[in-house]
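Me: I'd like a close look at one part of this protein, and then at what the inside is like.

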Amino acid sequence: MLAKLTTFALVGIDALPVEVEVDASGGVAKMILVGLPEMAVKESIHRIERALVNLGYDRPRGRTVINLAPADLKKDAGSFDVPIALGMLVATGQLLPDQLKEFATVGELALDGSVRPVKGALSMAMAAAERNIPTLIVPAENAREAAVVEAISVYGVSTLAEAVGILSGQLPAEPVASRIEELFAKLNTYDVDFSDVRGQEFAKRAVVVAASGGHNVLMIGSPGTGKTMLARRLPTILPPLTPTESLETTRIYSALGRLKPDEPLMATRPFRPPHHTISDAGMVGGGTIPSPGEISLAHHGVLFLDELPEFHRRSLEVLRQPLEEGRVTISRALASSTFPASFILVAAMNPCPCGYLGDQRRPCKCNPMQIERYVGRISGPLLDRIDIHIEVPSVPFQELSASADGTSSASMREQVNRARQAQRERFGADSHRLNGRMTSRQLRRHCVLNEEGRNLLKSAMEDLGLSARAHDRILRVARTIADLEGAPHIRSSHLSEAINYRSLDRKLWAR
């Protein structure tokens, strides 16, 4: 008897449909698996056979051919175990073919017949909804994650026997409820707040501007001035994730198996602080079968690069295109995958190798050549893509010991929300574009300067030696500052503040 059923293969963060065909016939007992299976799939035959026997089912006795179509798509995961096992049960007459028509299944089997979780269950549920497959059976540990997709019914199973019972109608079961609103209400909280940061009001102002317009930030200061504290609290003033943004981010973590057991849906903006020893593949993604890197894990959130000059130069240079386009494409000879990577870059560094250049309490021990080599590890093209450069000075004792809290995340978030509302009105309610991502055409339309503003920007370009890209980024930041004040046009004061955010790097890199 020939059995056919639907499952999915995970390629990058996308789930592609795979048809499992099982044909059992007489003759010498032999199991043949075709359809470009990798080693993880080839080995599944032994797991499936023992699981069927240990659960009391009959396994095929004769020649059995298993085909995974399409034949030109590599299959490399244990998620094909359950659909192959169900196909064997149909091929041997222990299940009826009609019982599989409205179902898609995924899952890895243990030798005792229990079902283990798989990666990418959310992407598979989304793919099932796109193809109008009404019901999906997944491992019990993936059920809440897949149930986020409300267009399909999701059943979680702990054993192969439960899957057989649901398919045959002998086991009464209810689909897993999504409860998206309940998840957002429970999970959308942060453990940190800007009120913990004493002083640094100038740096907080720059962080508000960055969050409002989606601008990248570079913080320069001596060790212990609060750069990391500021960066870690940036997500707390960003608007809550929308359902669409949450799904886009969650499916990346799902595809890599990074979702927490009690968090089937990302409700807070991600904060990713990779170590400076990371490779370029770890940063942007890679592998024989391309998989996402840190910049995709930071999608709709914050990527924090502490000790920026200590990163390998290649790992930093590969950021240039994603910072411009909001996505990254990984190409291989046989496959090419595009991953979303829209994030706010926050970088931090010391002003010199010893860390105390310009510090009034401790002398710098570095000579000019050492300082030049240190700051020269960061290229000009990368700096041009960072909109805001700020100095984070040491905090005086009086501010550190003050009993009053600093500016809170709630008050800063109110400012950000007002500026974001102005951008929604400018670019359209359905658009996710921010000032930091304005195109050249939008820049000319929404960042018109008066005569005083043009003269001020011209002087800054000539005095600081700024590039054309830096010119555009100054205008974008100035537009955001104007939005924070509710101003319809960019004034000279807005432009002056935006220029001040670009001058610090020239003090260092012009040495």
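Which helix is Ser123 found in?

Reply: Ser123 is found in helix α4, residues 121-130; helices here are DSSP runs of H or I with at least four residues, strands are E runs of at least two, and both are numbered from the N terminus. A heads-up first: this is a predicted model, where local features need pLDDT of at least 70 and side-chain atom pairs count only at pLDDT 80 or more, while totals for chains, interfaces and linings use all residues. Residues are numbered from 1 along each chain as its sequence is written, and side-chain values use heavy atoms, with hydrogens and water left out.

Back to Ser123: this residue is buried, at a relative accessible area of 2% (buried is under 20%, exposed over 50%, partly exposed in between, using a 1.4 Å probe on protein chains only). Leaving aside neighbours within four places in sequence, Ser123 is in contact with Leu10, Ile13, Ala15 and Arg251, contact being heavy atoms within 4.5 Å.

As for the rest of the inside, the largest nonpolar core has 48 residues, and Ile237, Ile388 and Ile390 touch the most other members. There's a second, separate core of 39 residues, including Phe80 and Met88. A nonpolar core here is a set of buried Ala, Val, Leu, Ile, Met, Phe, Trp, Tyr and Cys residues joined through side-chain atoms within 4.5 Å.
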